[in-house]
Amino acid sequence: MKIIKKLWCWEWVVYCNLLLAALVSSKNHGNPANDLVDIINKNRTAVKLSQLSNSPGLGCMALQYVEQCKGNCSSNNTLTCQPSEDDFTEVFAPNCGVELPTFGTVSGRIFGCQHKYLDPSEAFLHVVAQNSKTVSLLRNKTFTEVGVGLVGAHKHKGPYFWCVLLSNSQRNTTFVLQDLGEGIKQKKGCYSGTSTPCSGAPNVGVFPYFYTAAFFSVYFLKIFL
């Protein structure tokens with residue numbers, strides 16, 4: 001009987017540590033911009049619309065967009081920033097290495113800010129689908145591609161800025177990055193369409209789970225060993 005209890009205890013210890021490993025991996029190596037694209041696509045397929053292609057070119061320009069808007073988030077989480085159309089071809093695209101012959105049409109843009117970090121599902125509700133106008137944009141039947149950018153104003157601190165760029169250009173042939181984006185030096189934030197993790201994002205929730213896993217490991221060891 002004692003042997004069975006010991007085995008059961010060790011199973012709990014292994015489970016707690018596997019849980020911790022999964023949490024650390026997801027928090028430190030994830031890209032919330034890609035997660036937000038997934039949520040946008042699930043929202044579209046829920047109403048029988050086609051999924052949007054996840055464009056790294058659009059995503060990188062979305063990151064450039066919010067980089068330019070940092071410092072314009074009001075106390076009630078309103079973003080007052082409107083880069084010009086010329087900025088897309090003269091600033092954002094060159095900074096990202098978008099091949100200009102492949103520059104398509106940026107047909108829609110959604111942007112917003114929050115003084116606290118929001119996970120992708122919360123960002124979708126409070127920033128992306130914030131009103132009927134933005135929901136209508138997300139569900140536009142003519143759109144084919146999407147890109148998401150995310151950045152914080154300060155390292156591990158808010159406010160945080162999100163931008164969604166939408167296009168009705170031909171899939172996978174527009175907003176092409178030179179050398180597949182290898183030349184982009186991403187120092188802050190993250191953008192969709194790439195596996196590069198988010199730089200400067202807060203590690204929300206890792207340490208509380210760490211202490212929980214450690215506590216239960218020790219607790220069960222004391223009881224059954």
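Tutor: A disulfide is a pair of cysteine sulfur atoms within 2.5 Å. This is a predicted model, in which local features need pLDDT of at least 70, side-chain atom pairs count only at pLDDT 80 or more, and totals for chains, interfaces and linings use all residues. Residues are numbered from 1 along each chain as its sequence is written, and side-chain values use heavy atoms, with hydrogens and water left out.

Student: How far apart are the sulfur atoms of cysteine 69 and cysteine 81?

Tutor: Cysteine 69 lies in helix H3 and cysteine 81 in the loop between H3 and H4, so the link ties together parts twelve residues apart in sequence. Helices here are DSSP runs (H or I, at least four residues), numbered from the N terminus. The two cysteines form a disulfide, and their sulfur atoms are separated by 2.1 Å.

Student: Is cysteine 96 buried or exposed?

Tutor: Buried means under 20% relative accessible area, exposed over 50%, and partly exposed in between (1.4 Å probe, protein chains only). Cysteine 96 has 2% relative accessibility, so the residue counts as buried.

Student: Which handedness has the disulfide of cysteine 190 and cysteine 198?

Tutor: The S to S distance in this pair is 2.3 Å. The torsion about the S-S bond is about -70°, so the disulfide is left-handed.

Student: Which cysteine has the sulfur closest to that of cysteine 163?

Tutor: Cysteine 163 is buried, with a relative accessible area of 0%. The closest cysteine sulfur is 7.6 Å away, too far for a bond, and belongs to cysteine 69.

Note on methods
Helices (H or I, at least four residues) and strands (E, at least two) are DSSP runs, numbered from the N terminus.
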